[in-house]
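Welcome! Please keep the sequence and the 3D view open as you read.

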Amino acid sequence: MVHYLDGNQYLFTPYTQWISFNTNAWTIALFLGMPLLSALSTSQLIGEDVRTGFYQHILQHKKQSNYLIKSLLISFIGGALTIVIPLLIDFYGMWFFLPSIDPDIILNSNLPLVPATSYFSQLYYTNPNLLVSFYIGLAGLSAGIYAIFSSMIALYTNNKFVSLGSGFVITMIFNVLSSAIPKTVFSPVLISIGLSPVYLPDLWTVLITYCVMLCIFIILGFYGGRKRAYI
């Protein structure tokens with residue numbers, strides 16, 4: 001076959017080489033940096049408004065609830081895009097240079113996706129585009145939550161480094177705990193990798209946890225915003 005002419009016994013496709021399915025040092029670096037990348041995005045806008053006193057000025061012209069809803073929504077979208085865009089660029093970069101062929105369970109046996117390492121792993125061999133979309137969405141959801149967390153922290157402290165670094169520090173603790181007690185604690189960033197290096201909890205558990213944390217951060221954000229209005 002043509003793809004064997006160069007002596008390579010494996011079939012490389014955009015899916016086998018995509019950064020999320022081809023876990024290496026760059027993959028780990030990108031996902032470990034997710035809390036910082038998302039916090040450096042639009043999530044800092046609300047913090048700057050608070051630190052400069054512009055927040056009180058805004059409240060003279062806008063309803064507090066409207067401002068907080070829009071700001072937190074912008075934070076979420078901006079944070080999500082900080083991870084979604086690099087993943088899309090990497091995937092389409094591979095798609096332009098590699099043959100768009102679905103992975104083969106035999107030829108790509110050195111790069112397997114199985115239920116222990118990936119959600120919906122069967123799609124890898126039947127509908128990989130759908131699986132790529134799922135993991136981009138999961139990573140975007142995680143990054144968006146980190147961004148809202150950073151915005152929420154900014155409403156409680158004027159220390160910019162605390163709002164930027166809190167998510168990263170907490171995530172590093174979760175990374176250690178997920179290795180020590182894998183069936184009890186999971187790392188939000190590592191399970192977002194298509195070929196995860198850690199134990200995968202039940203997907204419904206992950207989604208429910210994300211929804212609960214998102215609601216908590218939004219509620220705390222509104223509470224912090226109201227407190228800031230009178231400082």
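## The chain as a whole

Of the 231 residues of the protein chain, 45% count as buried. Please keep in mind that this is a predicted model. The secondary structure comes to 10 helices and 0 strands, so the pattern read along the sequence is α-α-α-α-α-α-α-α-α-α. Along its principal axes, the C-alpha trace spans about 70 × 40 × 25 Å.

How do the contacts in the chain relate to sequence distance? Among contacts between residues at least 6 apart in sequence, 74% join residues at least 24 apart.

## Where α6 meets α8

Let us start with a pair of helices. Two packed helices are described by the angle between their axes and the distance between the axes. For α6 and α8, the angle is about 145° and the axes are 7 Å apart. The crossing of α6 past α8 is right-handed. On the α6 side, the contact is made by L72, S75, F76, G79, A80, T82, I83, V84, L87, L88 and F91. On the α8 side, the partners are N129, V132, I136, A139, G140, L141, A143, G144, I145, A147, I148 and S151. Sorted by class, this contact has 16 nonpolar and 7 polar residues, with no charged ones.

## Where α8 meets α9

Helix α8 covers residues 128–154, and helix α9 covers residues 160–180. Their axes come within 8 Å and cross at roughly 130°, and the two helices are therefore oblique to each other. As α8 passes α9, the crossing is right-handed.

Which residues of α8 and α9 meet? From α8 come Y146, F149, S150, I153 and A154, and from α9 come V162, S163, L164, S166, G167, I170 and T171. These residues divide into 7 nonpolar, 5 polar and no charged.

## Two buried serines

S38 sits in helix α3, which runs over residues 34–39. With a relative accessibility of 0%, S38 counts as buried. Leaving out residues up to four places away in sequence, S38 touches S43, G79, T82, A143, Y146 and A147.

S192 has its place in the loop between α9 and α10, the latter being residues 203–228. Is S192 buried or exposed? Its relative accessible area is 0%, so S192 is buried. The side chain of S192 reaches the backbone oxygen of P188 at 2.7 Å. Beyond its neighbours within four places in sequence, S192 is in contact with S20, F31, M34, Y135, L138, A139, S142 and Y210.

## Side chains that reach a backbone

D90 belongs to helix α6, residues 64–97, and counts as partly exposed at 23% relative accessibility. What does D90 touch, not counting residues up to four places away in sequence? The residues are Q17, W18 and I19. D90 and Q17 are 73 residues apart in sequence, and their C-alpha atoms are 9.3 Å apart in space. For I19, the backbone nitrogen lies 2.9 Å from a polar atom of the D90 side chain.

T23 is found in the loop between α1 (14–17) and α2 (25–32). At 29% relative accessibility, T23 counts as partly exposed. Setting aside residues up to four places away in sequence, T23 touches I28, I193 and L195. A polar atom of the T23 side chain lies 2.7 Å from the backbone oxygen of L195. T23 and F186 are 163 residues apart in sequence and 18 Å apart in space, C-alpha to C-alpha.

## A positive phi angle

One last stop is F120, in the loop between α6 and α7 (123–126). Phi of F120 is near 50°, a positive value in a residue other than glycine. How accessible is F120? Its relative accessible area is 38%, so F120 is partly exposed.

Technical notes: Residues are numbered from 1 along each chain as its sequence is written. This is a predicted model: local features need pLDDT of at least 70, side-chain atom pairs count only at pLDDT 80 or more; totals for chains, interfaces and linings use all residues. Side-chain values use heavy atoms; hydrogens and water are left out. Axes are lines fitted to C-alpha atoms, for helices over the stretch in contact, and angles run from 0 to 180 degrees between N-to-C directions. Helices (H or I, at least four residues) and strands (E, at least two) are DSSP runs, numbered from the N terminus. Angles under 35 degrees count as roughly parallel, over 145 as roughly antiparallel, 65 to 115 as roughly perpendicular and the rest as oblique. A crossing is left-handed if the near helix is turned anticlockwise from the far one by less than a right angle, and right-handed if clockwise. Contact means heavy atoms within 4.5 Å. Ala, Val, Leu, Ile, Met, Phe, Trp, Tyr, Cys and Pro count as nonpolar, Asp, Glu, Lys and Arg as charged, and the others, Gly among them, as polar. Buried means under 20% relative accessible area, exposed over 50%, partly exposed in between (1.4 Å probe, protein chains only). A polar contact is a pair of N or O atoms within 3.5 Å; within protein, one must be able to donate a hydrogen and the other to accept it, and residues adjacent in sequence count only if both atoms are side-chain atoms.
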